[in-house]
Every structure is written in structure tokens, then in C-alpha cells.
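Try each task yourself, then follow the solution step by step.

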Amino acid sequence: KVTVTINDKEVTVPREYTILNAAVEAGVKIPTLCHLDLHDLKMVNRTASCRVCMVDVEGSPRLAPACATPVNDGMNIRTDTMKAITARRLSVELLLSNHPTDCLVCQKNLQCELQALAHELGIREIHYSGERNSFHLDTSSQAVIKNQDKCILCRRCETACNAVQTCGILSALNRGFETTVGPAFNLPMVETSCTYCGGCVAVCPTAALTEVNHVPKVWEALRNPKKYVVVQTAPAIRVALGELFGMKPGTIVTGKLAAGLRRIGFDKVFDTDFGADVTILEEASELLHRLENGGTLPMLTSCCPAWVSFIEHQFPDLVDIPSSCKSPHIMVGTIIKTYYAEKHNINPEDITVVSIMPCVAKKAEAARTELSIDDHENVDIVITTRELAMMFKEAGIDFDKLPDEDYDHPLGVTTGASVIFGTTGGVIEAAVRTVHEWKTGEELEQIEYEQLRGIEGLREGKVQVNGMELNIGIAHGLGNARKLLEDIRNGQSQYHAIEIMACPGGCIGGGGQPYHYGNEEVVKARQKAIYQEDQRKNVRKSHLNKEVLKMYEEYFDKPYSEKAHKLLHTTYTP
Ligand code: HC0
Ligand code: SF4
């Protein structure tokens, strides 16, 4: 341990701490911009490129970047000297001198870390003016927009894409003033193996990387009297949306969410959780089928589209191992345009399905033609949690004051098992609840599988089912997934089933969620809330969802039937 003094406050901290770590401990705020430290999620960006965290260290002629300078015993640090303050302002002013000033109409207006910093430092004038970079705006993909004019070269996106996701799409290009970040040869995003996980979007401090904005399309559908517009919400939305209306991370807003969606004009408010229950019935059947018939093992979950895209691009030889189940929101889209449309005598052509997702990749997933039925997309528009908040704000919805309302029947009837899909470990826990009861015929009393829970990037658990031991692997973050896939490729995997989610934390930490600004406690609070929501449910196992069972009886016959195969399953393209 070492003892240091920061602004006259003494703290004793571990030797490996930086000045910034010590300042946090001392309760002294040092502004940062490029820095990112999600320690438990293993996402750390320490490039020290922005020079915003400069501090004065007694006895040193030069200022030190707090994020990259280790502490020494007896160090006397000041964050508030004129020299430090001036240096910080200078760094921000220099960044601003090469940054567009269209903040008022920027996608990140009031959500931008650079803007917030300029405000905090009281910058009212940019003393330097000169040439500005002007790069090509990349709108080639269905999911991510890349606007390098707004890039401040913090390199957080590179950390997310390379160190965490191991996708290797983004890296520095050119030199000097021409330096920018992009794919090799500055190819358009659509021509790369980008998974659209949105990891880069989630950590970009400015609007250099944002999601494609589909809000206008949703308004257009809602205003079209000929359209029957149905909405569905992913499990992770209900534990995060409140943050965009000033609520504490982890506030559960399920009822207000349903009410708000009704207020802005959706004809039906359905739940992706219904599709998650259907997924469990299909996926659990598939797992048992594979186990009992010598099928390919391990079986991998298939609900995360960035993960599906990752395996297609990077492990094309393994595409027969994910479950063939379409993802829950695509299943809901299919069910609305087949079963529900037939039952209510609505022409599927007149239906618009909108998915509210914590995810950027879901935008690209919905456009995949192999998921269509009869040439119609199952899901027409996907918007993120952030985009939904924009819609509520635009519509003047006082979210906080909304009453709690229920989702509509039948596709709004859901279980606790489907809610936990929103966190890492949840899909496989939900599957085990069902597999266990199906195999033993006995009621499972202890349904909370603690060994499958947690925030570690790679986890495993052993579950007893009717005398058989199921080995389960869990990975979140594509870099962790890569390790499990390499084991499978080398014939070293001991698992029967593996859950993979691309985003750190699972969907709760998705690329379309409210920005966490590097605070991983936000992701943990959402995870806690997901498990609370499960506990609040009367029915907590997917195979006991009455409306799902009724639908099978009326339409699909039984899980894994021929009709279910035709409509609820898909194939992958190497
Ligand atoms: Fe997820 Fe999903 S759980 S991927 O994490 O499976 O996005 O929340 O909607 O589809 O249900 C995201 C979240 C979903 C799907 C579900 C799955
Ligand atoms: Fe990399 Fe994901 Fe961003 Fe694509 S969306 S560039 S894979 S971090």
C-alpha cells in the first residue's frame, strides 16, 4: 500500500493504483474523456490521449496525466492549480477546434461527453481556429453510422472492438492531422465483418459512432391510418429506460413502458418476453433432441444477432452448432404476422411490427432476408432504448407520471424465465428450468440457479437433470465467446450447452441502452433489477406460460413440430 495526498486529503491505496484511481478513493473528481475502466467487465481504455486529466505533482516540473500515472508513496497531488486547470481547458479547446459545433442538432446532444466537459470547464470561446477534418460520412450499414468528423481519437471504440470483442474492425488510419479511425483501407462498414454489436457505439463519447436513427419510420407508421402498428419490448428495456428520465439505474419501469407505448399510438403493446418463452420451448426441445439422438454438441444459444454474425464471419466451420431457433423478437414478429393475424383476421401486409431493443445489431438482424416469411419481414422496424426515449420526449410524455399498465393479450403474457433473458446467464437458466421439469416430470423448487449467475465474462455450471449431468458454459463479450469457440474447434469443449451474448453483461449492457459513461455499477444495477422482475412474476417457467401453450394447441401443434420448424427456426450462412 502507498499513501498519497490529493488536494490536502490523504489516502492509502494499493501500489498498482493510478492517480485517478486514488482520486476516486479520496472523493476528488478529476475530469476524464478518453479514459474508460469497466474493471469487472474487462473493458479498460487507458490511452491517455486526451490529456484532460492533467494534474500537478509536487516536485515534478511537468503535469501528469492522472489516468496513466502510477501512485508513489508520499506523492502530493493537486488537481486545482492554475497550471492544471489551464492545461485541461487547453486540451478541451484544442479538441473543440477540430470538432463540428452543430451540437443543437447532433444525435448526441446532451448525451455527449465532450459537450458535458466543455460545459463543466466553463468553456465559452474556442481560442484556436484553423483547418478542420472532413471525412466521408459512413451510412452504409443498417445499424451503425460512422461520422469521423466527430471523432476525438480517444480510441475507446478500438478497445471495445479489438480488446473486448476481438472483431478487429476499427483501428487508427493515416498519420498526423489526417489520423482517423476506421476499418482497414477505410472500407465502408457494410463491407467489413462488423457484427454490429454496437460495442463501439456504447463507449463513443461523442457522435462519431451512433445507431441508425429509425424514429422517423416509426412515427410514419403510427400516423398511417391503414397500418396496424404493433410494438414489442425486449426484456432489458424495462430495467434501463428509466435512466433516460432521471431514474436510478435498476429502476423497473415495465408498467410505465406499456402505458407510454399505448399513449404514443401503438395498436397493440406486446412483449418480446413472450417470444423468449417460445424460444425456450423450441430450444429446450432442440437440446433434448440433440442429447438423445447423438446430435451436435455443445448446442449454442442463437438469440444474439451480433454473436450469430460473429460465428458466421469468424468460425464458418462451426455454423451447425448454434440452435436453429430464430431470436425471440423475430419469433414474435413471425407469430404476429401468422398466428395472430389469422386469428384476428388482419392482413399481415397491413401490420407493422416495431421492436424496441437494447441492441444495435437487431436492426441489421431484422433486415436479414432468410428470416422473412413469404418475402415479408417479420419485424419491420427496430429502435433502441435510447430512440424510444427520444420518441417519448418528442411526444411530451411525462414518463415519470405514467400509471403502470399491463401489456396486451395474448403476446404480452410472459414468465419470469423470459425476463432473465436480458442478463448474461439468463437464457440458459430459463432453458434449464424447463429441461428439468420436462425430463423429471417433477416440480422444480429451487429455480434460481446461482451457479449460472454473475458478471464474470466466462462462467460454467453443472446442473443435474434426471440423473444426467449437464455441463453448461456461459460467455458474454465476443472475446470470451471466441475462447469457447476455439475449444470447440479443437475438440476440447466439455459442454453440452453454451449461452453466448455479445455485449458485456448481456442485453442489459447492450449497444442501444442508455449510455453508462464507463460506470459498470449501472450494468450491475440493471442485472439486479432483472432478477427482481423474475421474482415478481407469478409464473417463472416458460413451459407454464398459458398463452404460449394455447398458441401451440391452436397453431403450432407442439414445440419442435414441422410447422414450428418452418416458421420459428432458421439456418446460418458461413
Ligand atoms: Fe435481448 Fe433477446 S434477450 S437478445 O438479450 O434471446 O436485444 O433484452 O430482446 O430477441 O427475448 C436483446 C434483450 C432480446 C431477443 C429476447 C433473446
Ligand atoms: Fe466492432 Fe462491434 Fe463496432 Fe462493429 S459494431 S465496429 S464489431 S465494436
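Predicted model: local features only at pLDDT ≥ 70, side-chain atom pairs only at ≥ 80, totals over all residues.

How many residues surround ligand 1, and which are the closest?

Residues are numbered from 1 along each chain as its sequence is written, while chains are lettered from A and ligands numbered from 1 in the order in which they are written.

**Exercise 1: ligand 1**

Start with the count: 22 residues surround ligand 1, where a residue is near a molecule if its C-beta atom, placed from the backbone, lies within 6 Å of it. The closest are A234, A236, C303, P328 and C507. Next, look for elements that give two or more residues to this shell: they are α8 and α10 (328-343). Helices (H or I, at least four residues) and strands (E, at least two) are DSSP runs, numbered from the N terminus. The largest share, three residues, comes from α8. Finally, sort the shell by type: 14 nonpolar, seven polar and one charged. Here Ala, Val, Leu, Ile, Met, Phe, Trp, Tyr, Cys and Pro count as nonpolar, Asp, Glu, Lys and Arg as charged, and the others, Gly among them, as polar.

**Exercise 2: ligand 2**

Work out which residues are closest to ligand 2 and which helices supply its shell.

Step one: 14 residues surround ligand 2, and the closest are C161, C194, C197, G199 and C200. Step two: α4 (156-164) and α5 (199-203) each supply at least two residues. Step three: by type, this shell has 10 nonpolar, four polar and no charged residues.

**Exercise 3: helix α8**

Is α8 mostly covered or mostly open?

Check the length first: α8 has 21 residues and reaches 30 Å from its first C-alpha to its last, close to the 30 Å expected at 1.5 Å a residue. That expected span is 1.5 Å times one less than the number of residues. Then count: 16 of the 21 residues of α8 are buried, so the helix is mostly covered. A residue is buried if 20 or more other C-beta atoms lie within 10 Å of its own, exposed if 12 or fewer, and partly exposed in between. Just after α8, G294 takes a positive phi of about 65°.

**Exercise 4: T79 and V55**

Where is T79 found, and what does T79 touch?

First, T79 is in the loop between β7 and α2. With 21 C-beta neighbours inside 10 Å, T79 counts as buried. Leaving out residues up to four places away in sequence, T79 touches I6, N7, A23, V28, I30, V55 and A84; contact means C-beta atoms, placed from the backbone, within 7 Å. Now turn to V55, whose contacts beyond four places in sequence include I19, I30, T79 and A84.

**Exercise 5: Q494**

Is Q494 buried or exposed?

Locate Q494 in the loop between α15 (478-489) and β19 (497-501). Then count its neighbours: Q494 has 11 C-beta neighbours inside 10 Å, so Q494 counts as exposed.

Definitions and conventions. Contact = placed C-beta atoms within 7 Å.
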